[in-house]
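Here are my comments on the model you sent over. Have it open while you read, as I go through it point by point.

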Amino acid sequence: MRIVFLCVLLIALPLHAAEIEAGGSHVIAMAAGDTGTLDVKTSRGFSAHVEVFWSDRVSTRGTATFLNPAAILFPDNPPPTDVDLGTLGLDIYSATARIHFGNRFSAFAGGGAALVVIGNLDDQFGDAVEIEFDPETTFVAEAGVRYRIHPRVVLEMGVTYMPLELEAPAPLPSSIAVDPLIVSAGAAWRF
């Protein structure tokens with residue numbers, strides 16, 4: 001019941017007092033976890049976001065990030081050749097709350113939750129491997145810096161980390177800790 005009351009209260013707050021930003025970023029992601037015999041390569045992608053500033057120090061942000069890291073399987077059993085599994089599509093939809101320290105040049109830290117939609121893996125040169133993943137939910141931690149170059153334009157660099165463990169069938173390990181570490185650089189426009 002408290003959650004419903006809090007949601008109603010947040011919706012009832014006057015949005016005209018809040019400032020809204022929208023923007024995009026170029027992102028680079030690397031697998032920080034132990035992926036076992038599955039090698040998940042560093043990849044590039046993009047993200048789009050909307051951020052609502054409730055005050056100069058507090059904001060909430062919704063972000064959609066799209067990545068396609070290459071995935072290669074190095075099986076333990078013969079033959080000891082690698083299997084190209086194409087790309088492991090990661091569509092990450094996150095909602096975070098942030099605290100900002102500073103005004104024109106500011107640092108921020110935040111946290112929240114994410115829904116990760118994972119693409120399928122299949123053998124690019126045969127049909128030996130075909131794997132489907134269910135969507136996963138996870139926590140998100142982020143930090144970075146922002147620089148306001150104009151009253152309505154902001155440049156931002158940040159780092160996002162999320163613990164992401166995938167349940168997988170054979171021939172993959174039963175659990176794959178992808179744990180993406182995402183570095184982003186982008187811009188936003190304040191309305």
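The points below go from the overall fold to a few individual residues.

1. First, a reminder that this is a predicted model. Please keep that in mind for everything that follows.

2. What do the strands build? Eight of them make a closed barrel, in the order E1-E3-E4-E7-E8-E11-E12-E15, and the pairing is antiparallel. From one strand to the next, the twist averages 25°.

3. Have a look at E7, which covers residues 90-102. On one side, E7 pairs with E4 (residues 58-67), antiparallel and over 10 bridges. If you want a pair to find your way by, take Thr60, whose bridge partner in E7 is Ala97.

4. E7 also pairs with E8 (residues 105-118), again in the antiparallel sense, here over 13 bridges. The two strands form a hairpin, with two residues between them.

5. Next, the surface. Which residues make the nonpolar patch? They are Phe105, Val145, Tyr147, Ile149, Leu155 and Met157, and the patch comes to about 560 Å². Strands E11 (136-150) and E12 (153-161) each supply at least two of its residues. E11 gives the largest share, with three residues.

6. Leu155 is a patch member that you will find in strand E12. Is Leu155 buried, exposed or partly exposed? Its relative accessibility is 39%, so Leu155 counts as partly exposed; the buried class stops under 20% and the exposed class begins over 50%.

7. Last, a backbone detail I'd flag: Asp179. Its phi is positive, about 40°, although Asp179 is not a glycine. For context, most residues other than glycine have a negative phi. Where is Asp179? It lies in the loop between strand E14 (175-177) and strand E15 (180-190), and E15 is one of the barrel strands.

How values were computed. Residues numbered from 1 in each chain as written. Predicted model: local features only at pLDDT ≥ 70, side-chain atom pairs only at ≥ 80, totals over all residues. Heavy atoms only, no water. Pairing = 2+ DSSP bridges. Helix = DSSP H or I, 4+ residues; strand = E, 2+ residues; numbered from the N terminus. Axes fitted to C-alpha atoms, helices over the stretch in contact; angles between N-to-C directions. Patch = residues over 30% accessible without salt bridge, like charges linked within 9 Å, V, L, I, M, F, W, Y side chains within 5 Å. Areas by Shrake-Rupley, 256 points an atom, 1.4 Å probe, with all protein chains shown as cover. Salt bridge = Lys/Arg side-chain N within 4 Å of Asp/Glu carboxyl O. Buried < 20%, exposed > 50% of the residue type's maximum accessible area, 1.4 Å probe, protein only.
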